[in-house]
Amino acid sequence: MKLKLIILGILLFSGLRAQPFIPAKFYISPVSGFDSSAFTGLKSNSISEIRLQGDSLVWIGTGAGLTVLRDTSSVFTLKTTSAPEEGTLTDLLPEGAVSALAVSGDTLFAAFAEDKNGQTAGSGFTYSVISTDSSITWKYFKQPVDAAGDSLAPFAKRFFKALPITVTENNITYDASMAGGYIWVTSWAGGLRRYNISENVWERVPLPLDGDQTLNTCEAAAYEDAEAGQVLKDYYLNPRDPWDGISVKSEDALVYGQHNHKGFSVLAYADTVWVGTANGINRGILGANGCINWKHYVPGINSLSGGFVVALAKQEYLGYRVIWAATLSTGAGESMAISYSLDDGETWQTTLAGERAYNIEARDSLVFVSTDNGLWKFIDENPLDLNKPWALYKPARQALPIGSTGAFTTDEILSNRVVTAVYENRAFYSSRLWIGTDDGLGRALDIHGENWEIFRSNYDRNKVYAYPNPFSPYNHNLLNGDGYVRFNTAVRVSFVINMDIYNFAFEKVYSEVFDRRIRSSGALKWSGRDQDGNYVANGTYFIRIKYDNNVNWVKLIVVK
């Protein structure tokens with residue numbers, strides 16, 4: 001019997017506001033003072049993604065575009081345009097934040113996001129098959145949306161019923177992966193989609209409904225004949241919240257929203273794809289014409305630590321395959337933690353309970369987890385040992401020798417939060433580690449993280465200024481419970497810098513001496529506290545920065 005679908009709500013999908021939050025791992029950084037041309041250095045200190053490619057390339061997704069490191073010191077942010085043209089080959093990328101990156105061989109895929117009328121929106125994808133060349137051309141795709149009347153979605157030479165997603169707001173690509181001739185992408189509103197590389201077409205991909213443990217789209221018995229062709233039976237993809245009142249009426253029942261269609265993370269290899277959603281993890285095995293046999297794993301039945309699965313990784317070591325997942329809590333009995341499975345999802349164990357994780361990097365015996373509290377690492381000599389010996393890295397600090405002067409170029413990451421990390425084992429860089437944070441990019445000079453090289457945006461290297469300004473010690477550059485304002489000095493400065501801070505009445509409230517002959521001197525910064533350790537009052541402050549024979553004054557507004 002042919003089902004007659006009537007949408008009882010608006011077809012325009014404008015967002016899923018009923019959900020308490022959307023676990024983002026990137027920040028859009030509006031940039032002033034830059035044009036769209038290629039730029040030497042970072043345009044944003046907000047680092048969302050890092051991917052390694054070829055012998056030496058390091059791709060860096062930032063809050064203000066895509067950056068590449070081609071050797072040990074050359075950092076370039078690529079050219080952008082505000083009006084990319086779909087389907088054309090160009091050397092320009094779309095403006096905005098990079099929300100996802102994927103690499104395979106000589107191919108690079110990047111997804112972008114923008115601020116649109118106060119909401120975060122997907123602004124499309126770029127894809128290059130020659131991203132290892134010195135001159136790169138990109139193919140641009142708009143963020144996938146559906147026409148308002150598209151209630152049937154083509155998939156694997158058949159169809160399934162679906163609520164059309166017609167806008168880009170909250171339709172942001174959170175993750176991407178390439179394997180099996182497809183580019184897989186996940187989105188909160190847009191769900192799971194894939195690009196068929198050989199056929200040059202995008203498809204929506206059905207996932208199991210919230211209460212289902214399986215969905216086999218490869219079985220002929222799972223379909224019924226309809227005017228359009230064979231349609232998946234008893235199925236409707238509706239990624240709204242189940243309780244938001246928007247439903248679809250058929251001749252048999254009301255079909256409400258589902259959490260398992262809201263995608264956060266994806267991991268693809270060979271004939272297998274894993275997808276993390278707002279309702280657990282899905283493991284799919286590809287069949288003929290790209291059909292998929294899904295198994296669905298959830299906290300209550302399969303012992304996942306949490307229902308929101310925001311990151312996935314695969315580890316292969318000593319003959320074992322371990323699937324790692326970062327989870328957030330969606331209710332009682334769940335937690336922020338890391339889940340892992342040694343048997344392809346049939347059973348799950350929990351570790352790092354209480355940690356809010358963003359990304360997982362697994363390589364041989366090493367596993368790294370990027371969290372709000374920093375970067376965690378363990379060396380797993382025995383994958384069957386369930387007592388994981390985790391160690392937390394110290395916040396990144398730089399002390400690079402300046403020739404034979406006995407002084408150092410010093411800096412530090414002023415944030416405990418690490419958003420992403422990648423293990424570097426290529427001969428060009430040797431065994432090191434890359435981290436992305438809210439406050440810049442770091443490269444460890446050894447695997448233990450005792451010393452780092454830090455890459456940060458610098459808007460004017462020849463001026464002395466404070467940033468951020470205005471400054472809040474409760475909200476900016478939070479490190480170990482304190483917030484900091486940075487001070488930029490001109491390129492050539494002496495090794496000793498004297499800083500004095502005065503209030504509006506010109507009373508001295510704080511003084512400090514930074515000596516770069518001391519390895520641990522760190523960044524030139526202030527916590528907003530006076531000499532007694534108390535936070536200063538809101539207002540205007542004057543900072544005198546003295547080095548060599550130069551005295552520079554900076555005005556700073558403190559707003560707590």
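## A cavity and its lining

The second largest cavity has a volume of about 40 Å³. A cavity here is a set of points, on a 1 Å grid over the protein atoms alone, where a 1.4 Å probe fits but cannot get out. Grid points are joined across faces, edges and corners, and a volume is the space filled by probe spheres set on the points. A search of the whole structure finds 3 cavities of 30 Å³ or more. Strand 17 (182-187) and strand 18 (191-196) are the elements that give two or more residues to the lining of the second largest cavity. Strands are DSSP runs (E, at least two residues), numbered from the N terminus.

Lining residues have an atom within 4 Å of a point. Among those of the second largest cavity are Phe125, Gln143, Asn171, Val185 and Arg193. By class, this lining has 3 nonpolar, 6 polar and 1 charged residues. Ala, Val, Leu, Ile, Met, Phe, Trp, Tyr, Cys and Pro count as nonpolar; Asp, Glu, Lys and Arg count as charged; the others, Gly among them, count as polar.

## About the model

This is a predicted model, in which local features need pLDDT of at least 70, side-chain atom pairs count only at pLDDT 80 or more, and totals for chains, interfaces and linings use all residues. Residues are numbered from 1 along each chain as its sequence is written, and side-chain values use heavy atoms, with hydrogens and water left out.

## The second largest pocket

A pocket is an open set of points with protein on both sides within 12 Å along at least five of seven lines. The second largest pocket has a volume of about 790 Å³. Its lining holds 28 residues, and Arg51, Val103, Leu267, Ile360 and Glu361 lie nearest its centre. The lining divides into 18 nonpolar, 3 polar and 7 charged residues.

Several strands supply at least two residues each to this lining, including strand 3 (47-53), strand 10 (97-104) and strand 39 (418-424). Strand 33 gives the most, with 5 residues.

## Two open sheets

Strands of a sheet pair through backbone hydrogen bonds, either parallel or antiparallel. Two strands count as paired if DSSP finds at least two bridges between them. Leucine 286 stands opposite isoleucine 292 in strand 28.

An open sheet of 4 strands has the order 33-34-35-36, also with antiparallel pairing. Strand 33 and strand 36 (391-392) are its edges, each pairing on one side only. Strand 34 (residues 366-371) and strand 35 (residues 374-379) pair over 6 bridges. Here threonine 371 stands opposite glycine 374.

## One disulfide

The structure holds 1 disulfide. A disulfide is a pair of cysteine sulfur atoms within 2.5 Å. Cysteine 218 is joined to cysteine 291, S to S 2.1 Å. The pair links distant parts of the chain, 73 residues apart. Cysteine 218 sits in the loop between strand 20 and strand 21 (223-225), and cysteine 291 in the loop between strand 27 and strand 28. The torsion about the S-S bond is about 105 degrees, so the disulfide is right-handed.

Are the two cysteines buried or exposed? Buried means under 20% relative accessible area, exposed over 50%, and partly exposed in between (1.4 Å probe, protein chains only). Cysteine 291 is buried at 6%, whereas cysteine 218 is partly exposed at 30%.

## Loops and backbone details

Strand 45 (residues 496-502) and strand 46 (residues 508-515) pair in the antiparallel sense over 7 bridges. Aspartate 500 stands opposite serine 511 in strand 46. The hairpin of these strands has 5 residues between them. One of the residues in this loop is phenylalanine 506. Phenylalanine 506 has a positive phi of about 60 degrees although it is not a glycine. At 46% relative accessibility, phenylalanine 506 is partly exposed.

A cis peptide bond joins tyrosine 467 and proline 468, with omega about 0 degrees. Another cis bond joins asparagine 469 and proline 470, with omega about 10 degrees. Proline 468 is found in the loop between strand 43 (465-467) and strand 44 (485-488), and proline 470 lies in the loop between strand 43 and strand 44.
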